[in-house]
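Please take a moment with the sequence and the structure below before reading on. The paragraphs that follow walk through a few places in turn.

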Amino acid sequence: GLHRAAPGSLTTRAAPALLCAATVSAAALIAFSTFSAPAPASLRSSAQMSRLVNRTPLFRGCAGAAPVASRRVSNPGGVSRVQQRVYSAATEEKQTEAVRKLVSMDELVSLCKHRGIVFPSSEIYGGYSGFWDYGPLGTELRKNIKDRWWQRFVTQREDIVGLDTSIIASPSVWKASGHVEGFSDPMVDCKESKLRYRADQLFFAKVETEDGKEVGYVSVLESGDMQKDAGKKTKKLVKEWMKANEITEKPALKPIELKEVADHPELIAKIPSPATGKAGDLTEPREFNLMFQTQVGALADESATAYLRPETAQGIFANYATVQRASRMKIPFGIAQVGKAFRNEITPRNFVFRSREFEQMEIEYFIPADDSWKDFHQQWLKDAWDWLLDIGLDESLMEYEVHKDDKLAHYARACTDVAFRFPFGTQELLGVAARGNYDLMQHQNSSKQSMIYRDDVSKETY
């Protein structure tokens, strides 16, 4: 967010999301050489394989990257399905494009596991939902992402300094920021299957004929194919409805419009559960706080309750005045942090994209209290976009998503995401938000400690 007066931030769940995007863009380049078949004659030399892998900047310097890509695993049976589809391409460019389009999420997850990039945590015990371990290549890849980000936005700039705050902070920090009261997602339960869903990621549609007769409702989980899934369920629902009402001629239907369950709790009794397909199985939406609780100290009572940080931003805000004075920074300036964050996601999914433990790479950039925030906002969007291209992401899979006014936080002036088209749909990769001075004012009012900044040159007070 960009913070006016004590004003901004470039915020992203960058490590897991970027690792996922980088793997979509990059692992596809080595997919055909890392599956269990010998490389084609044109790609068999170690030098050629090394060049192929090293075309992706984030794999450069990964110990073992080139050997893995050039390794030939015995498979007398022939060539894998992925290779058969890709090897027909005449040029390297066509090969890259073909792999980018054809590698599915399942194949990508399998590749990451078998080549030591990412695999489920505690896998020998059946895994642990929402948690992932990074193997030899994944560790190097993630380190490269963080190092390249830090070098570009901190080391090479004179207006940004670094910070590393503790994972567990005073509970007062999270009370002041609003996380204790308001950091939650709407949740619904399936009474029969006992599965839980985020109500804002569960969609439904009313199915009715063109003459207004109600056929029923269908529900789908958010995904890149949810419109197609809704269409399939609609066909099944119509068949059942026609049979039950002894209708022989298929009726013309109105177009189905998917809506969030969270926005229409009054219809919950009519919406079928994704697990059972039955209406009436879902509970009323209720708020579920996403922060992990723990106890600090010898006593396990309410006074010992603490939280694993759900974001890195609040550590920056709480230390704003101390960092500014110690580093003698002048507005505009930024504070950067890379570190772990934890969110007790209701339904972790989509590989490492939505997990319960992840890393954020964040900048809070503080700007003058005037209308120049729009220029800063656009510049940060451009800088972020250019950096994503520099590390090897495929620009054809990237786009901007501007938040509408009714979707903004009450204190935000603007927010724009850089979104990426993953195999599971288009999702946020990073966001740039103009947040104003809301966060610093919250901590100043709660702690009774001054967050005021005085510019010795302009004599302005922020």
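Does Tyr365 count as buried or exposed? The model is a predicted one, and in it Tyr365 has a relative accessibility of 4%, which is under the 20% limit for a buried residue, so Tyr365 counts as buried. This residue belongs to strand β15, which covers residues 357-367. The side chain of Tyr365 makes a polar contact with the side chain of Asp159, at 2.6 Å. Phe333 is 32 residues away from Tyr365 along the chain, yet the C-alpha atoms of the two are separated by 5.7 Å.

Another place to look is an open sheet of 3 strands, arranged in the order β7-β6-β11 with antiparallel pairing. The edges are taken by β7 (196-198) and β11 (286-289), and because each of these has a single partner strand, one side of each is left without a neighbour in the sheet. On average, and with direction ignored, neighbouring strands of this sheet are turned by 50 degrees against each other. Strand β6, residues 184-189, pairs with β11 in the antiparallel sense over 4 bridges, and Pro186 has Glu287 as its bridge partner in β11.

The last stop is helix α14, made of residues 438-447, whose buried residues are Asp439, Leu440, His443 and Gln444. These residues lie on the same side of α14, because they cover an arc of only 130 degrees around the axis. An α-helix has 3.6 residues a turn, so residues three or four places apart point the same way. After α14 comes Lys448, which has a positive phi, near 65 degrees.

Note on methods
Residues are numbered from 1 along each chain as its sequence is written. This is a predicted model: local features need pLDDT of at least 70, side-chain atom pairs count only at pLDDT 80 or more; totals for chains, interfaces and linings use all residues. Side-chain values use heavy atoms; hydrogens and water are left out. Buried means under 20% relative accessible area, exposed over 50%, partly exposed in between (1.4 Å probe, protein chains only). Helices (H or I, at least four residues) and strands (E, at least two) are DSSP runs, numbered from the N terminus. The arc is that of the directions from the helix axis to the C-beta atoms. A polar contact is a pair of N or O atoms within 3.5 Å; within protein, one must be able to donate a hydrogen and the other to accept it, and residues adjacent in sequence count only if both atoms are side-chain atoms. Two strands pair if DSSP finds at least two bridges between them. Axes are lines fitted to C-alpha atoms, for helices over the stretch in contact, and angles run from 0 to 180 degrees between N-to-C directions.
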